[in-house]
Structures are given as structure tokens and as C-alpha cells.
Amino acid sequence: MTSLRSRLRTAKLALYCLWLACILALTLGALPYVPADGFVIPLEPFQSFNKAFFYRDYAY
Amino acid sequence: MTTLINPRVIALVLPAIILVIFYSYAVWSAGFLLSFLLAEKARANGLLFSATLSPVALSPATVYVLGHAALSILLQLMALMGLIRWYILLPLLLGLILGAGLLQGLPPLPWQKLTVMRQTLIPQGLAAKGLAFSVVALVLLLAMVTFSMPGTDALAYYMAQPKLMAATGAYTLLPRYENFATLPAIAEMPYAVMYALGGSAIGFVAAKLSIWVVFIALLWLLWVLMRKLGASLTTTWMLMALVATSTAITLVTWDGKTDLIGLMYALTAILWLPGLLPQTATSHKPAWLSGCMAACAVMAKVSYLSILPFCLGLPLLLIWRKQPLVFLRLAGIACLSAIATLAVGWWLKNAVLFGDPFTPFLTFRETTPGFNLSQVWFDADSTRWILQTYPLALTFGNYPLQHGGLSPIWLILAPALLTKPWQTAHGKKALYIALGSIVGLFIWMTLRPSVIAPRYFFPVLIFPCCLLMLGLEQWLQQKRPWATAAIFASILVVMLNGYYLVSVAKITTLPLSKSISGVVGLTPLWDRAAALRKRASNNSRILLLSYSSEFLTQPMLASFTLLETPNQPLLSERALSLRDDETILDMALREKIDYIVYDTITHRRDDLDVTPPPGLNVEKLEYAKDVYYLYALKRQESTS
């Protein structure tokens with residue numbers, strides 16, 4: 001029983017870490033003015049994803 | 001780094017730093033003096049000066065905010081009387097410092113307390129220490145980045161209007177932005193002091209740096225709030241990280257806008273909300289101060305008018321729900337205080353400038369410039385999409401005009417709400433603040449659904465984060481691994497933001513410092529301004545095909561304003577309604593214009609690069625291809 005609880009706790013923590021990874025990935029696509037070249041991770045896929053969901057043309 | 005440390009840059013930056021320190025100290029002294037007028041009770045309440053609280057909780061920040069608001073309102077009144085002159089401002093500010101000194105010794109400098117504060121600032125644990133260290137590094141980096149060219153809005157109005165005040169000594173309306181003058185200018189008044197005391201160049205650097213001081217005050221106020229809500233050092237540092245990684249906040253810290261001042265006032269209004277914190281029981285004074293600060297927040301950022309009544313009113317109602325009479329009394333006092341503050345800081349100014357005190361909400365005169373309060377930024381489909389992506393859009397959105405977002409740290413901590421942090425006494429207070437803010441956010445989404453810029457409604461985004469932080473507090477006590485994971489993820493967010501600020505420094509700070517050292521071609525706007533300074537006289541007639549006028553020197557800006565023909569449309573407006581057979585160059589010859597400043601992005605036209613009319617020589621100077629140009633016009637003698 002204790003082992004099951006322990007595994008459940010670990011699974012919940014792993015799920016939380018996955019949540020954190022998603023947030024960090026979304027953050028990579030959202031930072032303004034960060035040049036893609038020279039960054040350790042290619043930013044383009046993150047920025048494209050961000051643009052698809054969180055960008056619309058300005059229409060005043 | 002060597003680019004930054006060169007004589008010309010130092011000659012600008014060092015006096016600017018001294019000027020900002022001097023002004024901030026005078027502001028603090030003003031708050032210090034005011035606190036004496038507020039009698040013993042407010043002092044005993046512990047939010048102005050407190051002997052009973054720990055040194056960290058001691059609130060020079062609230063004293064600073066009080067002084068900031070009072071001095072800004074006073075400066076605005078002085079501008080109406082034509083008293084924005086260095087020989088008036090300097091004795092005034094020195095008098096405030098000396099007055100505070102004579103009354104109770106000079107206000108203690110913050111760094112005199114640092115030794116004591118060090119012990120209460122550094123959190124326990126390696127992860128928390130790492131977080132604190134990275135936040136401090138980020139905040140210092142932010143100070144460096146304030147040394148940069150301002151953004152478009154700042155060049156157009158936020159910095160241009162106070163520069164014109166400093167140039168003319170009075171509240172002279174900035175051509176083309178007269179409608180903005182129907183709003184209060186208390187957030188811009190410190191800029192006027194910077195320009196009046198520092199001149200065009202030093203004033204420019206000092207004005208931008210002065211907002212960083214406001215950013216520090218903001219952090220300090222949040223620190224005080226969190227500590228009074230019973231948060232540990234680790235948790236409080238997490239809130240610091242959240243603020244320092246909110247690009248909506250950091251962008252306006254360095255780009256010359258003044259939005260942070262409104263947030264600073266709003267935060268002080270929350271701190272003084274009667275009954276929220278132990279020191280603000282049923283005394284009338286916190287209600288007076290809270291109402292006054294709420295009004296100042298609205299005057300500094302008018303959009304807060306839609307949200308602050310809910311952010312402040314609902315927590316007040318929830319705190320005093322069992323004593324309705326006390327609630328009514330306190331709310332009544334706060335409202336009276338707010339009305340009195342609005343009368344002095346807004347309506348009086350409008351009455352003097354336009355004879356129309358309640359404009360733009362209630363306009364009686366046809367001559368009063370109209371201000372568009374009902375902004376629409378996107379079409380219906382896009383607006384619907386934006387609302388569907390709330391609240392994630394507030395963090396990850398990159399919509400045009402959005403200008404940054406709220407830090408992702410709120411999402412990192414969102415699962416901590418499962419610990420139900422509102423069950424404690426402090427947690428309840430944080431919950432009330434959060435509920436008020438969430439209602440405020442819904443009101444904003446209803447009234448201005450397409451206006452997604454967080455800078456228009458900062459308080460409703462920042463205030464609920466206090467509750468999240470108390471959730472982290474529960475994790476620290478009950479689920480340590482979760483708290484550690486959250487802290488490490490937050491450190492990564494801070495590092496990403498650090499990388500972002502380094503990129504900003506590379507594309508703004510370093511090129512500007514090189515341009516100041518004499519290198520041409522790196523900062524187009526600076527180069528164009530330098531060329532204009534060198535070539536044009538104070539009486540040159542300049543046609544602005546650009547939204548910006550901050551780059552004109554103070555005498556130029558004053559004469560540019562005066563040279564416009566009274567009771568006639570502005571030169572730039574006349575340029576929009578030429579006859580079919582007339583080009584802008586024909587108009588330039590007729591109106592004896594000497595220079596045309598041309599920004600193609602906003603003012604593109606096709607009659608500039610044509611054969612000039614006889615009698616006019618045109619020299620075209622390009623500063624950024626297809627973006628920034630300067631046309632130097634010379635009339636031949638026979639026609640001049």
C-alpha cells in the first residue's frame with residue numbers, strides 16, 4: 001500500500017514536471033526580441049507554434 | 001563592455017544617475033514630510049514608519065510612493081502656472097530634502113540599512129538562494145537596458161510632452177497630441193523635472209532611468225505585501241521573480257513609457273486598504289490614503305478606472321461583510337478622498353487648460369480636444385479568438401500592440417492552488433484580493449475585449465499572484481519536491497528572460513553607446529536627431545512626417561510648437577490635404593520649411609522623391625533604408 005502511494009506520488013510529480021516542461025517550451029516561443037541564431041535550442045518551431053495560437057493581425 | 005565605458009557615454013550617464021538619485025531622494029523626503037502631516041496614528045499603524053516591524057517590512061517604499069504622488073500633482077500645478085524652470089525646481093527639491101532633514105534628521109539612505117536587511121533578505125536553501133541571485137542579476141541588467149532608445153509611444157508623447165513642458169516652462173500642449181492633455185500628466189511630470197534639470201541629452205537618459213527606480217519601488221511594495229501576508233523569504237523572492245520576468249512589466253521599465261507609475265500607486269492603494277493588513281484596522285487614515293492612491297493610479301493610467309473599483313472595492317466588502325456600517329463608512333471615506341484627489345490632480349488642470357474640467361468623460365465645450373476612450377484594436381473574429389485564448393494569451397500572446405505578457409511563473413504555481421492556501425487567515429485576505437482582481441479582469445474582458453495589452457490592466461494580473469505564492473508556501477511545508485521543481489523551473493524562466501535582456505542590450509544599449517561615441521549608422525533615430533541638432537537652428541521650420549518629436553532639442557521643440565501658425569491646421573496636417581497638382585515639396589517651398597523628418601512606416605507618401613519645384617534644392621539623407629529619412633531643403637535666394 002505504501003509502495004502504491006509512493007508510486008502515485010512520484011507519478012503526480014512526474015506529471016507536474018511535464019507541465020513545467022510544456023510551460024517552458026511555450027515560454028521559448030513567446031519571448032519578444034530574442035534572436036533565433038546563437039540560441040542553444042532552435043527557437044523557430046516554438047515561435048511558429050506561438051504565432052499559430054497567440055497572434056492575429058492588427059485591424060484598427 | 002568597453003563600448004559602454006567611454007568618456008562621452010560616462011559624461012551622459014553619470015550626471016543622469018546623480019539626477020535620478022537626487023530626484024528620488026527629494027521624492028522620498030516629500031513623502032517623509034507628508035507623513036508628519038498625517039499625525040501619529042498613521043505612523044503608529046506601521047505602514048509609513050514602523051518601529052515594530054522588521055527592517056525589511058519597514059516601508060520607505062510607501063513613503064516614496066506618497067512623496068511621488070504628491071510631488072507629481074504639485075509639479076503639474078506648477079506647470080499650469082509656468083513654473084517648470086530649473087531655478088525654481090532645484091530650490092524646491094533641495095528644500096524638501098533639507099526640510100525633512102531639519103524635521104527629524106535626514107531620511108536614512110536605503111544602503112545604510114543594507115547590513116541589517118541582508119540577514120532578512122537572503123532565503124534559506126540553495127535553490128531559493130539561486131532564485132534570489134538570478135532575480136537580482138536580472139534587475140541590474142534591466143537598469144543597464146534603460147540606457148537605450150525609447151519606444152515609439154515614448155518618443156511621440158510620454159517623453160515629448162514633458163520635454164516640451166521643460167522647454168517652455170509651462171503646460172504647453174504638444175501639437176497633434178492635444179487630446180492626450182485632457183488626461184492627467186502626473187506620471188509624466190518626473191520626466192519634466194529630468195529635462196528641466198538635465199537638459200535634452202542628460203534629461204533623456206535620466207528620464208528613462210527614473211522608471212527603473214519606480215520598478216524597484218514596485219518590487220519593494222510587493223515585498224512588504226507578501227511579508228505582511230505571512231510569506232517566507234523564498235516565497236517572496238518567487239513573487240519578485242514573477243514580476244521581473246513579466247515582459248509586460250520589463251518592457252515598460254526600459255522603453256520610456258510611464259505605465260509602471262500607475263501600478264505603483266494601485267499597489268499602495270491595496271497596501272493601505274483598511275483591514276487588509278493587521279496595521280490597517282478601522283482607522284480612517286488608511287481609507288483616506290487608499291482612496292487617494294487609487295485616484296492617483298487612475299490619473300496615472302486612466303484604463304484603471306474600469307478595474308480598480310473592483311480590485312479594491314470587493315476585498316474591502318469581503319473583509320467588512322459582517323460589519324456593513326463600518327464598510328460603508330470606510331468606502332465613503334475612500335471615495336471622498338479619491339474625489340478630492342481627482343479634483344486637484346485632474347479636474348483643476350482641465351479647467352485651466354480647456355475650461356472643461358470633466359473632459360474626456362463629460363465634455364461641455366466644442367473647442368475641447370476629444371479623446372477616444374472606446375478603443376477597438378482587432379476585428380470581431382480576432383477579438384473572439386483572443387478571448388478564447390484567455391488567460392494563456394496574457395502570458396504567451398504576441399498580438400500586435402500587446403507589448404509583453406505576464407510571467408509564466410503563475411502557470412508554474414497554478415497547481416499549488418490545490419493545497420487550498422486560502423484556508424489560513426492570511427490566505428483569506430489574499431483570496432479577497434484575488435477575487436476582486438478576477439472580477440476586474442472579467443469587467444475588462446467585457447468592456448475592452450480587443451485591448452489585450454496587460455499594461456492597461458496590470459493590477460488584476462499581479463494582485464492574484466499573492467494567492468499563488470501562498471500556495472507555494474504550502475508546498476514548501478508539505479510537498480518539498482514540488483516546491484523545489486517549481487523553484488528550478490522559475491530559475492530557468494529567469495535565465496531565459498536574462499538571455500532576452502542581453503539580446504535587447506545588444507540591439508539597443510551597445511549600439512546607442514557607440515552612436516554617442518560618434519559611430520554613425522548603428523542607431524538611426526539618434527543619428528537623425530544628431531544631424532538635425534548640427535544642421536538646424538532653433539528657428540528652423542521643421543515638417544514632421546513622423547509621430548515623434550522627442551528627438552528635437554528643447555529650444556527646437558519649443559520653437560517648433562510656436563512656429564506653427566495659430567488657428568490654422570498644423571503643417572503636418574496640411575500636408576495631408578494638398579491640392580491634386582501640388583506636391584509636398586511645393587508646400588515646403590511655400591511654407592518656407594527647412595527640414596522634413598520622414599518616417600515611411602507611418603507616413604509613407606509618393607510625392608517626396610519627385611523633381612523639386614524651381615527654387616528649391618533638396619538633400620535626402622537616409623538613416624535606415626525605407627524607414628527613417630531627413631530632407632534638408634534650401635531655397636534659392638531669388639525665391640527666399
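Buried area is the accessible area, taken with a 1.4 Å probe, that two parts lose on being put together, summed over both. Keep that in mind for the first stop. The model is predicted.

**Stop 1: the interface of chains A and B**

Show both chains. About 3000 Å² is buried between chain A and chain B, and carbon and sulfur atoms give 74% of that area. Now select A:Tyr16, A:Phe54 and A:Arg56. In chain A, these three lose the most area to chain B, together 23% of what that side buries.

Chain A brings 29 residues and chain B brings 38 residues. Next, look for polar links. Six residue pairs are in polar contact between chain A and chain B, with both residues at pLDDT 80 or more. Salt bridges across this interface number zero.

Colour by class, and the side of chain A that touches chain B shows 21 nonpolar, four polar and four charged residues.

**Stop 2: two helices of chain B**

Select residues 425-447 of chain B, helix α19, and residues 465-478 of chain B, helix α21. Their axes come within 7 Å and cross at roughly 145 degrees. Which residues in α19(B) and α21(B) meet? From α19(B), pick B:His426, B:Gly427, B:Ala430, B:Leu431 and B:Ala434. From α21(B), pick B:Cys466, B:Leu467 and B:Leu470. The residues of this contact divide into six nonpolar, two polar and no charged.

**Stop 3: B:Thr235**

B:Thr235 itself is in helix α10 (residues 233-244) of chain B. Is B:Thr235 buried or exposed? B:Thr235 counts as buried because its relative accessibility is 0%, and the cut-off for buried is under 20%. Show side chains here: a polar contact of 3.0 Å joins those of B:Thr235 and B:Ser232.

**Stop 4: B:Phe310**

Move to helix α14 (residues 308-319) of chain B and select B:Phe310. With 30% relative accessibility, B:Phe310 counts as partly exposed. Show its contacts. Not counting residues up to four places away in sequence, B:Phe310 touches B:Pro315, B:Gly436, B:Val439, B:Gly440 and B:Ile443.

Finish with a distance. Select the C-alpha atoms of B:Phe310 and B:Pro449. These residues are 139 apart along the chain, and the two atoms are separated by 17 Å.

Terms used
Residues are numbered from 1 along each chain as its sequence is written. Chains are lettered from A and ligands numbered from 1 in the order in which they are written. This is a predicted model: local features need pLDDT of at least 70, side-chain atom pairs count only at pLDDT 80 or more; totals for chains, interfaces and linings use all residues. Side-chain values use heavy atoms; hydrogens and water are left out. Contact means heavy atoms within 4.5 Å. A salt bridge is a side-chain nitrogen of Lys or Arg within 4 Å of a carboxyl oxygen of Asp or Glu. A polar contact is a pair of N or O atoms within 3.5 Å; within protein, one must be able to donate a hydrogen and the other to accept it, and residues adjacent in sequence count only if both atoms are side-chain atoms. Ala, Val, Leu, Ile, Met, Phe, Trp, Tyr, Cys and Pro count as nonpolar, Asp, Glu, Lys and Arg as charged, and the others, Gly among them, as polar. Axes are lines fitted to C-alpha atoms, for helices over the stretch in contact, and angles run from 0 to 180 degrees between N-to-C directions. Helices (H or I, at least four residues) and strands (E, at least two) are DSSP runs, numbered from the N terminus. Buried means under 20% relative accessible area, exposed over 50%, partly exposed in between (1.4 Å probe, protein chains only).
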